[in-house]
Amino acid sequence: MSDRSTFWPTPPDWTTARIEMPGVTVTASQGDRGVFLLSGPGKAISELAQAHPGTLLEIAPDRALLVTKPDTALSEGWNASGLAISDLSDAHVRIDIRGPGAPALLALGSPSLALDPKPRAAALAFAGVTLLVEPLPDGARLHVDHPQAAHLWHWLLAATHTAKDQP
Amino acid sequence: MTGPSRIAGGGEPLPFTFAGRRLIGQKGDSIASALLANGIVTVGRSFKYRRPRGILSAGEDEPNAIVDVVLNGVRVPNVRATTQGLEAGMAISPVLGRGAALLTQALSPFIASGFYYKTFLWPHWGLFEPAIRRMAGLGRVDPDSRMVAEPGGNLAADLCVVGGGRSGLLAATKAATSGQRVLLVEQRAELGGSSLWRDGGDSVDLVAAARDAGVTIWTGATAFGAYENGRLGIHRQGAGLADGGSLWAVQAGQVVLATGALERPLLFERNDLPGVMLADAALHYLRRRGVLCGARPVIATNNDSVYPVALVLAKAGAVVTLVDSRAASERSADAAAKGIRVLTGARVARALGRGRVSGVMLTDGTGIDADLLAVSGGWTPTLHLYCQAGGKAVWDDERAILVPAFPVPGISLAGRAAGNWFAPDALPWVWSAAPEIPVAGKSRKTWIDLQNDVTLGDVQLAAQENFTSVEHLKRYTTLGMATDQGKTANLLGAAAMAQATGRSATDLGLTTYRPPYTPVPMAALQGLSRGPLQSPLRRLAAEPAHREMGAALWDYGGLLRPAFYGKDEASIATECLAARQGAVVFDASSLGKVAVMGPKARELLDFLFTGRMSTLQPGRIRYGLTLNEAGVVTDDGVVLCLGPDHFLVSCSSSHVGGFVASAEEWRQTRFGRDGVFIHDRTAHWATMSLSGPKSKPLLAGLGIVETLDDAAFPHMSFVMGRFMGGEARVSRVSFTGERGYEISVPAGLAIPLWQALIGAGAKPCGIEALGVLRAEKGFIYVGQDTDGETMPQDLGFDAPRLKRREGFVGDRALQLPVAGDADRKQLVGLARADGGVIPAGAHLIEGAPRRSIGFVTSSHHSPTLRRGIALALVEGGRARIGQEVTWFDLGQTGRATVTAACAYDPEGSRLNV
Amino acid sequence: MTRDQTGPGPMTCPFCGPRDASEFRYGGDPSVARPGPGCSDADWAAYLYLRDSPRGPAREYRVHAQGCGQWLVAERDTVTHLVGTITEATP
């Protein structure tokens, strides 16, 4: 067996990672939010979301991701209100794709986004990875599990640069 | 001689070479029109018989003019000369093959259809195969030449119109005007379709109207495939030869196929001679490229579509003879009146000439001098995408064309594809006619599939040998299987088979149409899936720290993990010894952490695992196996109880997705969505696994947990602690067999935790060493030490079957007769007397004739035991412990003793050292 | 929740709406019931290995694996591949 360290490109530093190409800007962030996966009755999910301002991404009729302030304390597990809660604050990298070229790039990653750029349910397949899409006024924010974030980033690099620039 | 020449035109001159000859073409030329303009008639040799071949058509249906092209150092093989644009500096080579053409011709009776089943068999085919393969074949691939393609994209549209001719433009404009989002794709560089060279109204106004209505128009774009769920695959051509273009997928609500029709050739002896061309192509080359393909053409036909061609060629100065197989008509009289020599009721018997057409022999014996034989045997609507989408094309006797047998939802046809060709003048217009299969003449010299060298004689041979269905005909003769996909051959082949077997063409049918319609460059299909992007690889949060420590990284089931730390595999033994003598740390972050929560959580876990998880108390950990309903082991892992309704399942790294999917299946189809919830928390946590006899004092020094006292913190339990101001969870589990602690922290602290443990003296340990350590203990890797039949009892877990437990996935399967077979393969260990290593995958054999009784699943040299150790699945393995067996691997045999699977510390005393 | 669709097109998940078909995975035959305890060997073998193969309209499980993760029941014609009603699966 041989060492494949050089075959696989190193993951970027998420604090400084940036792709700037004509029409499209891609940036990233990690670890600066309180992120919780909520399962249970829709009413209980809405009530909890209202108590913690931020963004609620709907995934399934009984499942949503709450993205709120960092250092929010919610106890994990199943509680009396019928909600099951998991702390996923360190699970995701958030990648923002913005600009007039964003719709075409997003459609390249997912035929579902070509059908509907503002999906009502957040989970879909993008560049071969299942992730959550949060529409933005000028593009979208992708919430991706950090183990797959490097692949996504390298895919975005390849997709935004012409073939002649690539090895 | 004469032949083709350029009589009009004037564009920027483009120098190029053909077979080493320096030539000049013009901007706008295809390679084919440039060759014709330079008087070149023979452009290559055929695939099997190496016969000289010329340009037959002007489009994607071309079977003969396949060339290799080198431009700017990039070699592209198998280029279709009729559709590839000429670029300055192209070095074009005909495809000639190796070996003497004469030799192949002499061999031709022995290499008829299906010859590899009948000839060259003695003493064996392998003797002849290399030589025969060398003589055949198309272009050469240059491994250093790389075609580059851009990523394309995905589009949604209300209507996609395929074909930018008059009918396509009209359909697109109409839909766009009514508010629909319309995409129109045209494979040529120009819009207008056949109106560009056939009279009947030009398209300039139609193009403008389409653009004004807001139609998105792509030229140089081929819709090559219709796929399920209403998707079309489209290839957009690149800027030049080495540009692979881009691949697009279009989700269209409706599709209109305005794809036109392709002309059929006629069948006669030596119809493959260079200088034989489709009549429509001759018109195309003259009108579009100013190339007159012959000064003395004979135009042979069975339909009216050639008459406008004859008039145009005559006007350009050619001396035209028109040979019409039908009786005299108004149209033939009209042509004669206009000065064309017309012979009615006449057919071509054979083409004459050495290496190229110099004359034509009719069936009545008349000979005609000619430098071009332009033929038309009727037309075939291009229905490929309709057929790919589930339709069926049938032969319409009355109109002598293919028509759809039934409608396919979402697809409609327009223009010639729908069988509509409006008469160009006031005379009656019969533009297609049924194929005539000649009965006289040499059938072995009458070609049907020019690219694969399949003759009328081959079709008749297939009929004789009872390969009479179109699907058998195709596969036995290879008719229609070349790069042109039989566009000029399929219908003629079916007609010939129909006649040979006394059936109608309608009854015979056609073969299945499959994408792509025309070849798509592999680079375009590959798109972004190149190199490291081929599949989404998962990374560890601490990867930067591993790289800094000099880890060799390897892809383990889609996870990039450290294999070992150091410059070569010698490090693996060092890491093993450190684990058994001191303390090592390995990054176990990829192990699953799946939360199962809710009032029915215990019930679901009892159902998913063979062991009873419902009795697990908070703070405790239990090992279990998951099975499928056939009783086969699918994974092993541990379950942590975090609370009465709150559990964490730690399954194998590569099986997290599978476990979550299975748990959700049972939750949603059996237990109910309200009672239990499954969350994959794997990415939130980083886990470092500390292992070895010195692990306890090392961990104590870090102050993560209050106490490590074994009484309060026994093996298979966990406690909560603190690390850098946040929560940490420490579990006592072991995959190495040594005392071990798995420390889990939020992934943001992965690197600090790793560095803290290294700083405290733990040695880094990779997956390779871990594989040896666990093998010494007889701990399995599911999928490596188990196969598609392995049940719990085969691994020594007898309770689920013997105690007849119920209420879990696979329970009933463990009571099937096969589950109790004495011969079942059981997991055991193996040891060689000389201490050597048995090759992994070696089979264990016995009997005469010998048969396999099992195989080696894991095999390593153990630095700790200083000998080779192995695990194996062996029939009745446990009863054989102590006995010798023979192993076999790639011709090598040896002996080994069957042992218990655990080779090191079977009592497990090292866990509490 | 139910969504109807006729003609070829993207799969319509009752919750997520129209999505590319590649996001869905086939999940088996919803008419096959898991035999209860005490069933015969033959019953269990049939549960494991015997399936109807209807030509024409059929019902099948589809999982929206790269989406909401919901188990769904879809009507699909096995000859034309046209998908009809798609509903949420229930126990």
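Open the predicted model and select Arg866(B), which sits in the loop of chain B between E46 and strand E47 (867-875). Check its backbone. Phi is about 55°, a positive value, although Arg866(B) is not a glycine. Now show the surface. Arg866(B) is exposed, with a relative accessible area of 71%, because exposed means over 50%.

Next, go to Gln485(B). This residue is in the loop between helix H12 (470-477) and helix H13 (490-500) of chain B. Is Gln485(B) buried, exposed or partly exposed? Gln485(B) counts as partly exposed, at 33% relative accessibility.

**Two cis peptide bonds**

Stay in chain B and select Ala848(B) and Pro849(B). The peptide bond from Ala848(B) to Pro849(B) is cis, with omega near 0°. Pro849(B) lies in the loop between strand E45 (843-846) and strand E46 (851-862).

Then pick Pro515(B) and Pro516(B). A cis peptide bond joins them, and omega is about 0°. What lies on either side of the loop that holds Pro516(B)? Helix H14 (505-508) is on one side and helix H15 (522-526) on the other.

**The whole of chain B**

Zoom out and colour chain B by secondary structure. Chain B has 23 helices and 49 strands. The radius of gyration of chain B is 37 Å, well over the 29 Å that the globule rule gives for 913 residues, so chain B is more spread out than a compact globule.

Now colour chain B by accessibility. Of its 913 residues, 57% are buried. Look at the contacts within the chain as well. Among those with a separation of 6 or more, 65% are between residues 24 or more positions apart.

**Where chain C meets chain A**

The contact takes 17 residues from chain A and 14 residues from chain C. Which residues of chain C lose the most area to chain A? Select Phe15(C), Arg19(C) and Gln66(C): together they give 47% of what that side buries. By class, the side of chain C that touches chain A has six nonpolar, three polar and five charged residues.

Take in the whole interface. About 1,200 Å² is buried between chain C and chain A, and carbon and sulfur atoms give 54% of that area. Finally, search for links across the interface. There are zero salt bridges between chain C and chain A, but eight residue pairs are in polar contact.

Note on methods. Residues numbered from 1 in each chain as written. Chains lettered and ligands numbered in written order. Predicted model: local features only at pLDDT ≥ 70, side-chain atom pairs only at ≥ 80, totals over all residues. Heavy atoms only, no water. Contact = heavy atoms within 4.5 Å. Buried area = accessible area lost by both parts, 1.4 Å probe. Salt bridge = Lys/Arg side-chain N within 4 Å of Asp/Glu carboxyl O. Polar contact = N/O pair within 3.5 Å; in protein donor to acceptor, adjacent residues only side chain to side chain. Nonpolar A, V, L, I, M, F, W, Y, C, P; charged D, E, K, R; others polar. Helix = DSSP H or I, 4+ residues; strand = E, 2+ residues; numbered from the N terminus. Rg over C-alpha atoms; globule rule 2.2 N^0.38 Å. Buried < 20%, exposed > 50% of the residue type's maximum accessible area, 1.4 Å probe, protein only.
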